[in-house]
Amino acid sequence: MASNQTEHYGLSQWEAADSFLREEFNEDHRKIDQELSKKCVVTHGSYIGAQASNNLTWMAIPLGFRPQAVLVVAHEGTNPYYLANMAVQLASVDCPAECLEITKDGFQVRGALQSQGSLRPYHYIAFRWNS
């Protein structure tokens with residue numbers, strides 16, 4: 001039987017004189033499996049903004065889950081490395097952005113994160129925790 005346990009996950013630690021029990025190994029593997037299932041899941045995708053919209057109209061982007069945070073990037077022009085023509089916003093559950101807000105099943109955008117007069121793509125990364 002293990003005489004010690006690790007600080008953070010309570011995994012078994014054996015001294016030289018300790019005997020091994022199969023139950024301790026099984027319990028350690030259950031704890032590891034449980035903690036790994038809590039990892040962050042990253043989803044990415046893109047959407048095309050509305051061709052004609054005003055800056056105050058929200059456009060819903062459904063994901064099928066409520067993300068913890070979303071990063072949206074839009075680029076206008078032919079040079080993808082020219083930062084002056086980029087629109088970037090990050091929002092989290094606790095901190096919405098001016099043009100980006102998290103909803104119960106995705107997120108919504110407006111203003112600079114919608115195409116204003118042109119059908120350009122926007123790219124997003126959404127983060128959520130597995131429960």
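Ser12 lies in strand 2 (residues 12-13); helices (H or I, at least four residues) and strands (E, at least two) are DSSP runs, numbered from the N terminus. This is a predicted model in which local features need pLDDT of at least 70 and side-chain atom pairs count only at pLDDT 80 or more, while totals for chains, interfaces and linings use all residues. Residues are numbered from 1 along each chain as its sequence is written, and side-chain values use heavy atoms, with hydrogens and water left out.

At 15% relative accessibility, Ser12 counts as buried. Buried means under 20% relative accessible area, exposed over 50%, and partly exposed in between, with a 1.4 Å probe and protein chains only. Beyond its neighbours within four places in sequence, Ser12 is in contact with Ala2, Asn4, Glu24 and Asp28, where contact means heavy atoms within 4.5 Å.

The protein chain as a whole has one helix and nine strands. Read from the N terminus, the order of elements is β-β-α-β-β-β-β-β-β-β. The protein chain has 131 residues, of which 29% count as buried. Its accessible surface comes to about 8900 Å², and 54% of that belongs to carbon and sulfur atoms; the areas come from the Shrake-Rupley method with a 1.4 Å probe, and for residues only the protein chains shown count as cover. Of the contacts between residues at least 6 apart in sequence, 60% join residues at least 24 apart.

Asp28, one of the contacts of Ser12, is found in helix 1 (residues 22-36). Leaving aside neighbours within four places in sequence, the residues in contact with Asp28 are Gly10, Leu11, Ser12 and Trp14. Asp28 is buried and has no salt bridge. The nearest side chain of opposite charge is that of Lys31, 4.7 Å away. For charge, Lys and Arg count as positive and Asp and Glu as negative, and His and the chain ends are not counted. A salt bridge is a side-chain nitrogen of Lys or Arg within 4 Å of a carboxyl oxygen of Asp or Glu.

A search of the whole structure finds one salt bridge. Side chains of opposite charge can pair when their charged atoms come close. Here Glu27 pairs with Arg30, and the closest N and O atoms are 2.5 Å apart. Both residues, Glu27 and Arg30, lie in helix 1, three residues apart, which is about one turn of the helix. Glu27 is partly exposed at 31% relative accessibility, and Arg30 is also partly exposed, with a relative accessible area of 42%.

Val42 has its place in strand 3 (residues 40-48) and is partly exposed, with a relative accessible area of 48%. Apart from neighbours within four places in sequence, Val42 is in contact with Ile125, Ala126 and Phe127. The C-alpha atoms of Val42 and Ile125 are separated by 6.8 Å, although the two residues are 83 residues apart along the chain.

The next topic is a sheet. Strands of a sheet pair through backbone hydrogen bonds, either parallel or antiparallel; two strands are taken to pair if DSSP finds at least two bridges between them. An open sheet of three strands has the order 4-8-7, with antiparallel pairing. Strand 4 and strand 7 stand at the edges, each with a single partner strand, so one side of each is left without a neighbour in the sheet. The twist averages 25° from one strand to the next; axes are lines fitted to C-alpha atoms, for helices over the stretch in contact, and angles run from 0 to 180 degrees between N-to-C directions.

On one side of this sheet, four bridges join strand 4 to strand 8, and Met59 stands opposite Val109 in strand 8. In a regular strand the side chains alternate between the two faces of the sheet. Strand 4 (residues 59-62) has a covered face of Met59 and Ile61 and an uncovered face of Ala60 and Pro62.

Strand 7 (residues 100-103) and strand 8 (residues 106-109) pair in the antiparallel sense over four bridges. The two strands form a hairpin with two residues between them.
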